[in-house]
Amino acid sequence: MRTSTSTLRSRLVASLAIVGLVVLVPATIASPAIAATKTRLVTGLAGGSGSTVGPDGALYVTEGLAGRVSRVDPKTGAVTTFASGLPPSIIGIGGAMDVVFKGGTAYVLVTLVGPDVGGTNVVGIYRMDDPTHFTVIADIGAFTLAHPPATDFFIPTGLQYSIESVRDGFLVTDGHHNRIYRVTLDGTVTERITFDNIVPTGLEFRDGKVYVAQAGPVPHLPRNGRIVKFRAGSNAVTEVARGGRLLVDVEFGAGHLFALSQGHFTPGQEPGSPADPNTGRLLKVAGDEFTGVAWHLNQPTSLEIIGNFAYVVTLGGEIWKIRLGD
């Protein structure tokens with residue numbers, strides 16, 4: 001018997017912690033005396049998810065509920081449709097999940113749209129050919145069906161959370177199957193690195209090193225929220241920092257390494273609910289720990305840094321602009 005969509009969604013968000021979490025102990029994160037200045041730049045996006053900075057310096061944000069990618073002017077907040085016609089979310093999360101540019105061409109990561117969740121589309125990487133037409137260049141769903149993970153799972157095609165461009169293709173995290181895939185431009189998918197149950201989320205590639213945000217297993221205790229790194233060509237993983245609540249992204253910029261924490265969950269709420277409103281934080285790596293930069297973010301999902309400003313996308317379809325310093 002097929003699991004109902006509502007039950008599947010509840011189980012999915014509870015166990016993957018992409019939009020919800022249970023936290024039993026508080027994180028210990030130092031905060032400055034004065035929080036960074038933040039301004040709401042955009043409202044009304046159809047389910048904010050992943051983001052990237054395009055070749056033109058603008059923000060590009062996936063809207064999973066609408067199956068589109070929007071271009072956002074980082075100075076004015078003006079929003080225009082960059083691409084549409086992608087498979088939309090079926091169970092409230094997924095669909096167009098993240099976007100990246102390579103050689104001036106946009107590639108969109110699409111997840112949770114296959115038959116295992118009641119859909120009919122390919123789970124994988126879609127190349128944008130024009131504003132309304134795409135070509136599937138990699139069927140990640142087919143790979144996961146043929147190569148199931150060693151960790152427990154109930155979504156056979158997984159939940160791919162972020163995509164990052166590397167020299168000869170892409171890296172993709174799977175927060176449900178607890179691994180990172182390497183995907184070449186000709187569509188070959190391989191398992192790049194495998195983790196225990198740590199829920200890998202955001203990715204950053206810099207100076208030959210891959211940085212990975214980890215949310216940690218249920219109940220996603222702050223001590224399990226980590227950034228780790230590994231070198232291209234190596235499987236040796238090194239911890240960079242730990243102590244963030246449900247880390248969902250990692251990004252270099254303004255001379256520092258930053259992480260994005262979605263927030264915490266109040267005990268007693270229904271499992272699978274989103275993080276408590278306005279409890280997310282923008283964090284900065286200081287040594288092997290985090291310091292707080294900005295807080296009271298409402299269920300953030302993605303982070304980009306342009307110049308001296310951080311741009312935070314939220315699950316509810318907002319983008320916040322945060323000044324990182326003078």
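Reply: Buried here means under 20% relative accessible area, exposed is over 50%, and partly exposed is in between (1.4 Å probe, protein chains only). This is a predicted model, where local features need pLDDT of at least 70, side-chain atom pairs count only at pLDDT 80 or more, and totals for chains, interfaces and linings use all residues. Residues are numbered from 1 along each chain as its sequence is written, and side-chain values use heavy atoms, with hydrogens and water left out.

Me: OK, so is Tyr60 buried or exposed?
Reply: Tyr60 is buried, at 4% relative accessible area.

Me: How are the rings of Tyr60 and Phe101 arranged?
Reply: Their centres are 4.9 Å apart and the planes sit at 70°, so that's an edge-to-face pair. For pairing, rings of Phe, Tyr and Trp (its six-membered ring) need centres within 6.5 Å; planes under 30 degrees apart are stacked, over 60 edge-to-face, the rest tilted.

Me: Which strands do those two sit in?
Reply: Tyr60 is in strand β3 and Phe101 in strand β6 (residues 95-102), so the pair ties together parts 41 residues apart in sequence. Strands (E, at least two residues) are DSSP runs, numbered from the N terminus. Phe101 is buried too, with a relative accessible area of 13%.

Me: Which residues make up the cluster?
Reply: Ring pairs link Tyr60, Phe82 and Phe101.

Me: Switching topic: what lies over the face of Phe309?
Reply: Lys321 does, at 4.6 Å from the ring centre. The cut-off is NZ of Lys or CZ of Arg within 6 Å of the ring centre and within 35 degrees of the ring normal.

Conventions: Helices (H or I, at least four residues) and strands (E, at least two) are DSSP runs, numbered from the N terminus.
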